[in-house]
Amino acid sequence: MSEYYEIRVKGRLDPRWSDCFAGITLTHLAGDETLLSGNLPDQAALHGLLERIRDLNVPLVSVTCGGAPARSAGEEEEG
């Protein structure tokens with residue numbers, strides 16, 4: 001069963017990176033952060049995504065699992 005994840009990273013990822021994160025939505029946040037959000041089928045997919053973030057040398061801010069997708073003030077959706 002898939003789980004919904006929100007992964008915050010430091011910096012503003014260019015929308016062209018969305019191909020690298022298939023099925024994940026990139027949203028620019030206030031404070032020079034990008035939110036990657038979406039459903040992942042299992043823990044292996046989560047670890048694969050985190051490895052891609054690491055390989056791009058993008059600082060990880062937080063990883064949150066569960067809950068419904070929600071938008072907060074100051075978000076601009078990309079891609």
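Me: Leaving aside neighbours within four places in sequence, which residues is Ile53 in contact with?

Reply: With those neighbours set aside, Ile53 touches Ile7, Val9, Phe21, Leu36 and Val58, where contact means heavy atoms within 4.5 Å. The model is predicted: local features need pLDDT of at least 70, side-chain atom pairs count only at pLDDT 80 or more, and totals for chains, interfaces and linings use all residues. Residues are numbered from 1 along each chain as its sequence is written, and side-chain values use heavy atoms, with hydrogens and water left out.

Me: What makes a set of residues a nonpolar core, and which residues have the most contacts inside the largest one here?

Reply: The members must be buried Ala, Val, Leu, Ile, Met, Phe, Trp, Tyr or Cys residues, joined through side-chain atoms within 4.5 Å. The largest such core has 13 residues, and Ile7, Val9, Leu13, Phe21, Leu36, Leu49 and Ile53 have the most contacts inside it. At least two residues of this core come from each of strand E1 (3-10), strand E3 (33-40) and helix H1 (43-55). In soluble globular proteins, nonpolar side chains tend to be buried together.

Me: Why is Thr34 called buried?

Reply: Buried means under 20% relative accessible area, exposed over 50%, and partly exposed in between, with a 1.4 Å probe and protein chains only. Thr34 has 0%, so it is buried. Thr34 lies in strand E3, and a polar atom of its side chain is 3.0 Å from the backbone nitrogen of Leu13. Residues in contact with Thr34 include Ile7, Val9, Leu13 and Thr27.

Me: Why is Pro41 called exposed?

Reply: The relative accessible area of Pro41 is 51%, and exposed means over 50%, so the label applies. Pro41 sits in the loop between E3 and H1. Its C-alpha is 4.0 Å from that of Ser2, although the two are 39 residues apart in sequence.

Me: Why are Cys20 and Cys65 called partly exposed, and how many disulfides does the structure hold?

Reply: Cys20 has a relative accessible area of 28% and Cys65 one of 44%. Each value falls between the two limits, so both are partly exposed. The structure holds 0 disulfides, a disulfide being a pair of cysteine sulfur atoms within 2.5 Å.

Me: What makes E1 a partner of both E3 and E4?

Reply: E1 pairs antiparallel with E3 over 8 bridges and with strand E4 (residues 60-65), also antiparallel, over 5 bridges. Tyr5 stands opposite Gly38 in E3 and has Cys65 as its bridge partner in E4.

Methods:
Helices (H or I, at least four residues) and strands (E, at least two) are DSSP runs, numbered from the N terminus. A polar contact is a pair of N or O atoms within 3.5 Å; within protein, one must be able to donate a hydrogen and the other to accept it, and residues adjacent in sequence count only if both atoms are side-chain atoms. Two strands pair if DSSP finds at least two bridges between them.
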